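The sequence and the structure come first.

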Amino acid sequence: MAEDKFPGWHGTTIVAVRKGGKVVVAGDGQVSLGQTVIKGSARKVRRISPGGKDVICGFAGSTADAFTLLERLETKLEASPGQLARACVDLAKDWRMDKYLRNLEAMLIVSDGKDLFIMTGAGDVLEPEHDVAAIGSGGNYALAAARALSETDMDAEGVARRALEIAAEICVYTNGNMTVETLAG
């Protein structure tokens, strides 16, 4: 992201864990501008229900941009009910090709309880390995922790919560104020 377009906003850690027939997406609540915490209780994990089917979305990046993408994803899911992969690929095509959407600065983790994807503005729709995904400034810390913890007896929610706590201990742009959403597979 070019510094001239992106004014020093940092923050967010989103982690998703699929284990034991559940998918859990957890996100922290910190929004920072430069070295200043602007808000500590942002909700960056949301549940949308297009056509009555729940989908959990976690986002990192610009909030307005992420909301634009979530609205578009919801529209795609209404056009293709129950087909998360197809809706994500359609959104990724639009995101990459559309002159307006191309400039949106965000990443998404989405799951319907069965499928789990990471989406980027580069046109990527990635299905993560090891049933763990993470994005944002503390994403690498949360990913490493979640991968290690997923091999323990902890359930999906326990893994996601502890991985986010570990990321918050390491990344100054991540706090421990969590939003956690769960779906059964």
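Predicted model: local features only at pLDDT ≥ 70, side-chain atom pairs only at ≥ 80, totals over all residues.

Residues are numbered from 1 along each chain as its sequence is written, and side-chain values use heavy atoms, with hydrogens and water left out. Helices (H or I, at least four residues) and strands (E, at least two) are DSSP runs numbered from the N terminus.

**Helix α2**

Helix α2 covers residues 84-97. The expected span of a helix is 1.5 Å times one less than its number of residues. For the 14 residues of α2 this gives 20 Å, and the end C-alpha atoms are 20 Å apart, which agrees. L84, A87, C88, L91, A92 and W95 are the buried residues of α2; buried means under 20% relative accessible area and exposed over 50%, with partly exposed in between (1.4 Å probe, protein chains only). An α-helix has 3.6 residues a turn, so residues three or four places apart point the same way. K93 and M97 are exposed on the other side of α2. The cover over the buried residues of α2 includes α1 (63-79) and the strands β7 (55-61), β8 (106-111), β9 (116-119) and β10 (125-126), where contact means heavy atoms within 4.5 Å.

**Helix α4**

In α4, the 15 residues should span 21 Å, and the end C-alpha atoms are 21 Å apart, which agrees. A156, G158, V159, A160, A163, L164 and A167 are buried in α4. The buried residues of α4 pack against α3 and the strands β2 (13-19) and β3 (22-27).

**Helix pairs**

Two packed helices are described by the angle between their axes and the distance between the axes. Axes are lines fitted to C-alpha atoms, for helices over the stretch in contact, and angles run from 0 to 180 degrees between N-to-C directions.

| Pair | Axes come within | Crossing angle |
|---|---|---|
| α1 and α2 | 9 Å | roughly 130° |
| α3 and α4 | 8 Å | roughly 140° |

Residues L69, R72, L73, K76 and L77 of α1 make the contact with L84, A87, C88, D90, L91, D94 and W95 of α2. Helix α3 spans residues 139-149 and helix α4 residues 156-170. Y141, A142, A145, A146 and L149 in α3 meet V159, R162, A163, I166, A167 and I170 in α4.
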